[in-house]
Amino acid sequence: MITTPVKFPSFAKINWFLRILGKRPDGYHEVVTVLQTISLHDELTIQLSDKGPLKLTCDDPTIPTGLRENLVLRAVEYLQDGFQQWCGAEIHLKKQIPAMGGLGGASSNAAVTLKALNKLWQGAYIDVEEFGPESLGVDVPFFLIGGRCAATGIGTDLTPLPDGPKQYLIVVTPNAKVATAHAYASLKAASLTTSNSASILSSSLADLSSVDSRQWPLRNDFERVIFEIEPEIERAKNALLDAGAWGALLAGSGSSVFGVFDSEAARNRGLVDLKSEAGWRVFACETISRAEYVGAMNSSGFSLFTLS
């Protein structure tokens, strides 16, 4: 058994493009989206112990650490069902990704936990990619791949895409919260897209393949709903544009927004005014390619991911 603590990064994501097509009979919404990993990340430290109780701690006291409240422990519970023998584990989560920010932090934490413990327990390997989305959340499968992916269905039908040029970003999380369930519940049928998902995705991917990122179709169908619920989030988007971003967009279902800048220097100039906003969390970051994602995940000395 490995007795020394092992650290793993847990990256955030943004959606370059997000269309909501309508509600399905199973209660989920049909979506068409393009996801992208970014350098903003949490850190998971895992210490194995003799078989016994599992423990999760977090440096952010607002993050719940109970079994039914945190996806990290739910991921551990999922793995335990697949192992005949397993060790205990003490997991410490160092948070940087804002909770309820639309950045996928909890799903990323769960995905990294699945991969890490599946390797560290050194038992009968189970295929962590094969689980139902209702088990841990629809964003978890994406974080088992990283880089840039198109997603359809409820967001779990993934197609890895070629990585584009590195993009320089500022992520802003204003002092406003919108729960994902509330965001979906606020969508009105009349405002949902009725076009064919295949044609929407095809045309959007054609634009996203352009080297000139200014031609990208930055769009998020949640914006009209979220901005009405929390005007402060729309103000944050406008502040990014005023700070020099060529484009800005709500991240997932919010409450974070991100701005895209022409260069690292332009981004750094934009940081000055944005950091003066009281109550806002402001992060300078950049896109992470699939190769960079895999390299970072394997930097602990354990090969969690392979680059396919």
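Arg267 is buried, with 6% relative accessible area (buried means under 20%, exposed over 50% and partly exposed in between, using a 1.4 Å probe and protein chains only). This is a predicted model, in which local features need pLDDT of at least 70, side-chain atom pairs count only at pLDDT 80 or more, and totals for chains, interfaces and linings use all residues. Residues are numbered from 1 along each chain as its sequence is written, and side-chain values use heavy atoms, leaving out hydrogens and water.

**Salt bridges**

Let's stay with Arg267 for a moment. Its side chain meets that of Glu264 in a salt bridge, 3.6 Å from N to O (a salt bridge is a side-chain nitrogen of Lys or Arg within 4 Å of a carboxyl oxygen of Asp or Glu). Both residues sit in helix 9 (residues 264–274), 3 residues apart, which is about one turn of the helix. Helices here are DSSP runs of H or I with at least four residues, strands are runs of E with at least two, and both are numbered from the N terminus. Glu264, at 41% relative accessibility, counts as partly exposed.

Elsewhere, salt bridges with shared partners join Arg19, Arg219 and Asp221 into one network. Searching the whole structure gives 9 salt bridges. Here are three of them, with their N to O distances:

| Salt bridge | N to O distance |
|---|---|
| Arg267 and Glu264 | 3.6 Å |
| Lys237 and Glu223 | 3.0 Å |
| Glu292 and Lys166 | 3.2 Å |

Glu292 and Lys166 form a salt bridge. This pair links distant parts of the chain, 126 residues apart: Glu292 belongs to helix 10 (residues 290–297), while Lys166 is in the loop between strand 6 (157–161) and strand 7 (168–173). Glu292 is partly exposed at 34% relative accessibility, and Lys166 is partly exposed at 31%.

Lys237 and Glu223 also pair through their side chains. They too link distant parts of the chain, with Lys237 in helix 8 (residues 231–242) and Glu223 in helix 7 (residues 223–229), 14 residues apart. Lys237 is buried at 15% relative accessible area, and Glu223 is buried at 12%.

**Helix 2**

Helix 2 (residues 105–120) has 16 residues, and at 1.5 Å a residue it should span 22 Å, which agrees with the 22 Å between its end C-alpha atoms. The expected span is 1.5 Å times one less than the number of residues. Helix 2 is mostly covered, as 14 of its 16 residues are buried. After helix 2 comes Gln122, which has a positive phi near 55°.
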